[in-house]
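Here is a short report for a first look at this structure.

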Amino acid sequence: MPVQRRLLGSLNSTPTATPQLRLATNQTGPQCLLVSVPDGLFLGLGLVSFVENMLVVVAIAKNRNLHSPMYCFICCLALSDLLVSTSSVLETAIFLLLEVGALAMPAAVVQQLDNVMDVLTCGSMVSSLCFLGAIAVDRYISIFYALRYHSIVTLPRARWAIVAIWAASILSSTLFITYYNHAAVLLCLVTFFLAMLALMAALYIHMLARACQHAQGIAQLHKMQRPVHQGFRLKGAVTLTTLLGVFFLCWGPFFLHLTLIVLCPQHPACSCVFKNFNLFLALIICNSIVDPLIYAFRSRELRLTLKEVLLCSW
């Protein structure tokens, strides 16, 4: 089998791009902008994501004060991102070793290994999206049902939700890898992404509107100046744009790739998109790096616990 340096290689039937940014012209098609991701950069991104998310998991596991439903979801998000980066680094490293002849495996073993890595990667991607949605729902309930939050979002319910997400992720990823050449499977994945994007957008926009109303009420109560309220709205808008922007920019190209496979698999313009498949996977790894910065490291207690962990390691 041809060596695939990237995960989910079955979705990418185009040749690997050359190691630079360039325009390529097909004999019958338009010019294509090809952006290749060097193996060293791909491995580096995976290692950074691995270390960063491992620190989040260790910090939450160490501090019992962080064993709440919200931090359980954050921990599972970090674990999902950890699996994405781990499988990426492992598969890239193994196939690089196969290419240079430093590692020898029968073709059947390589194929089975590739399938296992693909299931692991796809499952962790799906679970990562699910836990991003779970965090949004948890924050929504904590704002709009503050007095009933601890009776609605209990630790046992959070654990059942986590088990259900992991089970659904493993099942869906297995089906996806097995039936990847069926349009219905790809459309289901794209629909899932769009539904998750719509859910997060609706919840966070509603939360921002409520926060602005609350800030306006406080400003009127204390007769504060209007610029203070405008500054709060600006800060909230920046936070919202960061949350949804990072989510869409990192995940959108990959699901655009899946959509075009269904809509125009042979069209020259779509082929240009397919040739940047490795870049789309690298963006997902970048999302695994950004997630802890947005959802975990903003917590003061988690940062203090992380500091203790790092000091103890020295």
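## Nonpolar cores

The largest nonpolar core has 70 residues. Those with the most contacts inside it are Met 200, Tyr 204, Phe 247, Trp 251, Phe 254, Phe 255 and Tyr 295. A nonpolar core is a set of buried Ala, Val, Leu, Ile, Met, Phe, Trp, Tyr and Cys residues joined through side-chain atoms within 4.5 Å. Buried means under 20% relative accessible area, exposed over 50%, and partly exposed in between (1.4 Å probe, protein chains only). Elements giving two or more residues to this core include α1 (39-62), α2, α3 (107-144) and α6 (183-222). The most comes from α6, with 13 residues. Helices are DSSP runs of H or I with at least four residues, and strands are runs of E with at least two, numbered from the N terminus.

A second, separate core has 5 residues, among them Phe 95, Leu 98, Val 110 and Met 117.

## How the model is read

This is a predicted model: local features need pLDDT of at least 70, side-chain atom pairs count only at pLDDT 80 or more, and totals for chains, interfaces and linings use all residues. Residues are numbered from 1 along each chain as its sequence is written, and side-chain values use heavy atoms, with hydrogens and water left out.

Ser 80 lies in helix α2. Ser 80 is buried, with a relative accessible area of 0%. Leaving aside neighbours within four places in sequence, Ser 80 is in contact (heavy atoms within 4.5 Å) with Ser 124, Ser 127, Ser 128, Phe 131 and Trp 166.

Ile 94 also sits in α2, which covers residues 69-100. Ile 94 is buried too, at 17% relative accessible area. Beyond four places in sequence, Ile 94 touches Leu 103, Met 105, Leu 113 and Met 117. Its C-alpha atom is 9.4 Å from that of Val 110, 16 residues apart along the chain.

## α1 against α9

How do α1 and α9 pack? Their angle is about 25°, and their axes are 10 Å apart. Axes are lines fitted to C-alpha atoms, for helices over the stretch in contact, and angles run from 0 to 180 degrees between N-to-C directions. The two helices are therefore roughly parallel (angles under 35 degrees). Residues making the contact include Phe 42 and Leu 45 of α1 and Asn 278 and Leu 281 of α9.

## Two spans from UniProt

An unreviewed UniProt entry places "transmembrane region" features at residues including 116-137 and 183-205. Such annotations may be inferred rather than shown by experiment. The end C-alpha atoms of residues 116-137 lie 31 Å apart. For residues 183-205 that separation is 33 Å.

Notes: Parallel < 35°, antiparallel > 145°, perpendicular 65-115°, else oblique.
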